[in-house]
Amino acid sequence: FTALFQRASQVKAAPKADRLRLADLFDKRAALPAALSFLVNCAFGAIITFIALHGAERGVENISPYFIVYAAATLVSRPITGKVIDRRGFFAPGLASALGVVITLALIAVSDNIFMFCLAGLFAGVGIGTGMGTLQTMAVAAAPPERRGVATSTFFFGFDAGIGAGAAVAGAMANAIGYGPMYLVMTVFP
């Protein structure tokens, strides 16, 4: 018993962990891509939350083809985006993303048939798909290797916060001015 007690007393206590700081959770080098992701995803939050209601209001009961076209366009645009970033940098795909999302919102605002909604889905897939790949790459490329996980988390914080904030803002606007005008106003975010 004495020997066990002596061994236990020789074991040093683990040092107290430093307090968790904000810098441990967010990387300031990823702040710009996270902020831009927030803005793009404010639009995305409005789209995914209210497009079915807007479609039904316009007489389009089955909006699922929009999402099929969106997914296909995203799948095609993401590999191309990576190649463009490697060759030309972030500006061209970033601009394509912003324009794609603005066109998407404007098309959704005036859509009254499934073809127009699908055309909006095409632009959404290119705009949002290109934007997410571009902005995440910007966030990770800006961080040193030991901070890439934190930079990725910072990026996705902007991503998720944008969807939530966009849905909330769009909901308040749709209640006040209707879905079509709300989608037009949401073009200011991207």
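**Aromatic pairs**

Reply: One aromatic cluster is formed by F44, Y66, F67 and Y70. Please bear in mind that the model is predicted.

Me: How many aromatic pairs does the structure hold?

Reply: There are 8 aromatic pairs in the structure. One of them joins Y66 and Y70, and this pair is stacked.

Me: What describes a pair of aromatic rings?

Reply: Two quantities are used: the distance of the centres and the angle of the planes. For Y66 and Y70, the distance is 6.4 Å centre to centre, with 5° between the planes. Planes under 30 degrees apart count as stacked.

Me: Where do Y66 and Y70 lie?

Reply: Both belong to helix α4 (residues 64-88), where they are 4 residues apart, about one turn of the helix.

Me: Is Y66 buried or exposed?

Reply: Y66 counts as buried because its relative accessibility is 1%, and the cut-off for buried is under 20%. Y70 is also buried, at a relative accessible area of 14%.

Me: Why is the pair of F156 and F159 described as edge-to-face?

Reply: The ring centres of F156 and F159 are 5.6 Å apart and the planes stand at 65°, so the pair is edge-to-face; the cut-off for that class is over 60 degrees. F156 and F159 are 3 residues apart in helix α7 (residues 148-177), which means that about one helical turn separates them.

Me: What is the relative accessible area of F156, and what is that of F159?

Reply: F156 has 33% and is partly exposed, whereas F159 has 18% and is buried.

Conventions
Residues are numbered from 1 along each chain as its sequence is written. This is a predicted model: local features need pLDDT of at least 70, side-chain atom pairs count only at pLDDT 80 or more; totals for chains, interfaces and linings use all residues. Side-chain values use heavy atoms; hydrogens and water are left out. Rings of Phe, Tyr and Trp (its six-membered ring) pair if their centres lie within 6.5 Å; planes under 30 degrees apart count as stacked, over 60 as edge-to-face and the rest as tilted. Helices (H or I, at least four residues) and strands (E, at least two) are DSSP runs, numbered from the N terminus. Buried means under 20% relative accessible area, exposed over 50%, partly exposed in between (1.4 Å probe, protein chains only).
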